[in-house]
Amino acid sequence: GKILSFTFFRGIKFKNYIVLSQSMLEIFRFINKDSKLFDLQHGIIYSKKLSYISNNVVNSKLSENNVDLLVSGEGFKQILIEADSKNYFQNHIHVIGTKKHENFFHVSSNRSVLVTLQITEDHTKEQNKKLLDEIINMVYSNDNFVFYIRTHPRFNNELDLSELLKIARIAPKSLLKCFRDCSFHVTAYSTTTFECAEFGIPTVFLKSLKDSFNMFEDDFQYPFQGTLNDISLNYNTYSYKVKKWREHFYADFDEQKFVSLLK
């Protein structure tokens with residue numbers, strides 16, 4: 001920050017700085033100690049996300065640099081406020097919403113299932129094996145559904161998927177096409193759950209990693225736990241529930257609120 005203030009940013013100071021993923025906060029704070037620093041939400045927020053909070057204590061990168069958060073909905077704001085023992089977030093979080101991309105939604109079952117696999121090096125080999133075995137068993141147990149497999153962007157052949165791909169199909173590369181083609185979603189804890197909900201697509205959660213990754217039940221309070229067959233029997237009701245659930249976390253973009261924060 002000191003070097004940049006005398007070189008690249010020499011003579012250039014701004015009233016507001018908005019960053020993604022908390023990048024360069026210390027640098028911008030050094031350049032202008034009186035500026036407003038905002039971190040714009042990127043991805044999901046939960047009570048154990050270390051970049052925000054750990055053991056009920058706000059990440060020092062945020063508190064020491066007096067950073068305000070711009071989040072997409074009241075749901076994420078409430079999660080952080082309730083987890084914060086020092087009440088820092090009470091006056092440092094602003095809900096500005098986000099642009100919605102919805103232009104269609106599912107109201108009936110077509111028995112096509114998008115599976116967002118989370119087999120990555122983030123897990124142990126044993127955890128990845130449990131995930132793979134569980135989804136293979138699910139495909140065999142639901143032969144009246146068609147499954148489309150979408151690997152994680154960080155998948156690096158941690159496991160051989162050949163057995164799974166013999167009984168399932170590879171999902172289209174376009175995520176939007178996946179949403180159009182599939183009326184169901186299966187995952188362990190993928191953030192795609194929120195994206196699917198925008199289009200009325202219900203999610204069935206795998207149980208293999210529930211002990212370690214259970215934020216959709218504990219923090220986000222997903223509105224139901226059902227099987228593919230359960231949901232298929234009353235699809236319209238489940239589709240409506242997930243759309244309403246998502247609205248708590250992703251409000252419409254409030255331009256006036258956003259502009260007022262920069263004044």
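Which residues does Gln 127 touch, not counting residues up to four places away in sequence? Gln 127 touches Leu 209, Ser 212 and Phe 213, where contact means heavy atoms within 4.5 Å. The legends below take up this residue and its surroundings in a predicted model, in which local features need pLDDT of at least 70, side-chain atom pairs count only at pLDDT 80 or more, and totals for chains, interfaces and linings use all residues. Residues are numbered from 1 along each chain as its sequence is written, and side-chain values use heavy atoms, with hydrogens and water left out.

**View 1. The whole protein, with its helices and strands.**
The protein holds 12 helices and 11 strands; helices (H or I, at least four residues) and strands (E, at least two) are DSSP runs, numbered from the N terminus. Its C-alpha trace spans about 65 × 40 × 35 Å along the principal axes. Of the 263 residues, 46% are buried, a term that means under 20% relative accessible area, with exposed over 50% and partly exposed in between (1.4 Å probe, protein chains only). Among contacts between residues at least 6 apart in sequence, 66% join residues at least 24 apart. The protein exposes about 14300 Å², and carbon and sulfur atoms supply 50% of this area; accessible areas come from the Shrake-Rupley method with a 1.4 Å probe, and for residues only the protein chains shown count as cover.

**View 2. Gln 127 in helix α5.**
Gln 127 is found in helix α5. With a relative accessible area of 18%, Gln 127 is buried. Other buried residues of α5 include Asn 128, Leu 131, Leu 132 and Ile 135. The buried residues of this helix pack against β7, β8, α6 (162-167), β10, β11 (203-205) and α10 (228-233). The 17 residues of α5 should span 24 Å at 1.5 Å a residue, and the end C-alpha atoms are 24 Å apart, which agrees. The expected span is 1.5 Å times one less than the number of residues in the helix.

**View 3. The open sheet β9-β8-β7-β10-β11.**
Five strands form an open sheet in the order β9-β8-β7-β10-β11, with parallel pairing. The edge strands are β9 (169-170) and β11, each of which pairs on one side only. Two strands pair if DSSP finds at least two bridges between them. Strands of a sheet pair through backbone hydrogen bonds, either parallel or antiparallel. β8 and β9 pair in the parallel sense over 2 bridges, and Tyr 148 stands opposite Arg 169 in β9.

All 5 of the 5 residues of strand β7 (residues 112-116) are buried, so the strand is largely enclosed by the rest of the structure. Ser 112, Leu 114 and Thr 116 point one way, whereas Val 113 and Val 115 point the other way. In a regular strand the side chains alternate between the two faces of the sheet. Parallel to β7 runs strand β8 (residues 146-150), joined to β7 by 5 bridges; the partner of Ser 112 there is Val 146. Strand β10 (residues 184-187) is also parallel to β7, with 4 bridges between them, and in β10 the bridge partner of Thr 116 is Thr 187. β7, helix α5 (residues 125-141) and β8 make a right-handed β-α-β unit. A crossover is right-handed if, with the strands pointing away from the viewer, the path from the first strand over the helix to the second runs clockwise.

**View 4. The open sheet β1-β2-β5-β6.**
Four strands form an open sheet in the order β1-β2-β5-β6, and their pairing is parallel. β1 (16-20) and β6 (93-95) are the edge strands, each pairing on one side only. From one strand to the next the twist averages 25°; axes are lines fitted to C-alpha atoms, for helices over the stretch in contact, and angles run from 0 to 180 degrees between N-to-C directions. Between strand β2 (residues 36-40) and β5 there are 4 bridges, and these strands run parallel. The partner of Leu 37 in β5 is Val 67.

**View 5. Strand β5 with β6 and helix α4.**
Strand β5 (residues 67-71) pairs with β6 in the parallel sense over 3 bridges. Helix α4 (residues 74-83) packs on the sheet, touching β5 and β6, and its direction makes about 165° with that of β6. β5, α4 and β6 make a right-handed β-α-β unit. Both faces of β5 are covered, with Val 67, Leu 69 and Val 71 buried on one side and Asp 68 and Leu 70 buried on the other. Leu 69 stands opposite Ile 93 in β6.
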